Amino acid sequence: MCIGIPGQIVALDQHQPQHAWADVCGVQREVNIALVCREGEPKEAMLGCWVLIHVGFAMSRLDQQEAEDMLAALQAMGEVEQDVALFLAGEDNHGLRR
């Protein structure tokens, strides 16, 4: 299944300038933010931003309401789709934490 999931940028990676850490349902994941950084904007401006994450890349910025609506929809899907529930919990299809 290919899905994007909202996450909030909580820290910048000090060793990899195009990477940051995003909180996704209480699990912190490393993401590449190169596609969503705005030209001339300091990277610190990304802190607190909501982004749509797909395969480790922040694909677009979201406002908080969009992110909350998407998370609610994904959590509702997780009640019936095991893959989505595992993804939201930060686990793979074999129950291993990422």
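**Entry 1: Arg 61**

I started with Arg 61, which sits in strand E5; strands (E, at least two residues) and helices (H or I, at least four) are DSSP runs, numbered from the N terminus. I'm working with a predicted model, where local features need pLDDT of at least 70 and side-chain atom pairs count only at pLDDT 80 or more, while totals for chains, interfaces and linings use all residues. Residues are numbered from 1 along each chain as its sequence is written, and side-chain values use heavy atoms, with hydrogens and water left out.

For my own use I noted the cut-offs: buried is under 20% relative accessible area, exposed is over 50%, and partly exposed is in between (1.4 Å probe, protein chains only).

Next I listed what Arg 61 touches, where contact means heavy atoms within 4.5 Å. Not counting residues up to four places away in sequence, Arg 61 touches Val 36, Cys 37, Arg 38, Glu 41, Met 46, Cys 49, Trp 50 and Val 51. I also checked one C-alpha separation: Arg 61 and Met 46 are 15 residues apart along the chain, and their C-alpha atoms are separated by 9.5 Å.

**Entry 2: the salt bridge**

How many salt bridges does the structure hold? I found one. The term needs a side-chain nitrogen of Lys or Arg within 4 Å of a carboxyl oxygen of Asp or Glu. The partners are Glu 41 and Arg 61, with their closest N and O atoms 2.5 Å apart. Glu 41 lies in the loop between strand E3 (27-32) and strand E4 (50-54), and Arg 61 in strand E5 (residues 57-62), so the pair ties together parts that are 20 residues apart in sequence. I looked up Glu 41 too, and it is partly exposed, with a relative accessible area of 25%.

The side chain of Arg 61 also reaches the backbone oxygen of Val 36 at 3.0 Å. That is a polar contact: a pair of N or O atoms within 3.5 Å, where within protein one must be able to donate a hydrogen and the other to accept it, and residues adjacent in sequence count only if both atoms are side-chain atoms.

**Entry 3: Val 36**

Val 36 counts as buried, at 6% relative accessibility. Leaving aside neighbours within four places in sequence, I see Val 36 in contact with Met 46, Val 51, Ala 58, Met 59, Ser 60 and Arg 61. Val 36 and Met 59 are 23 residues apart in sequence, and 6.6 Å apart in space, C-alpha to C-alpha.

**Entry 4: the core**

Which residues have the most contacts inside the largest nonpolar core? I noted Ile 9, Ile 33, Met 46, Val 51 and Ile 53, in a core of 21 residues. Such a core is a set of buried Ala, Val, Leu, Ile, Met, Phe, Trp, Tyr and Cys residues joined through side-chain atoms within 4.5 Å. Strand E1 (5-12), strand E2 (19-24), E4, E5 and helix H1 (64-78) each supply at least two residues of this core. E4 gives the most, with four residues.

I took Ile 9 as an example. Leaving aside neighbours within four places, its contacts include Trp 21, Val 31, Ile 33, Met 46 and Val 51.

**Entry 5: Asn 32**

Asn 32 is in strand E3, and it counts as buried at 12% relative accessibility. I saw its side chain reach the backbone nitrogen of Ala 34 at 2.8 Å. Beyond four places in sequence, Asn 32 is in contact with Gln 18, His 19, Gly 56, Phe 57 and Ala 58.

Val 55 lies in the loop between E4 and E5, and I put it down as exposed, at 67% relative accessibility. Val 55 has a positive phi of about 45 degrees, although it is not a glycine. Cys 25, in the loop between E2 and E3, also isn't glycine and has a positive phi, near 55 degrees. I noted Cys 25 as partly exposed, with a relative accessible area of 33%.

**Entry 6: the whole chain**

Last, I zoomed out. The protein chain has two helices and five strands, running β-β-β-β-β-α-α from the N terminus on. Of its 98 residues, 35% count as buried.
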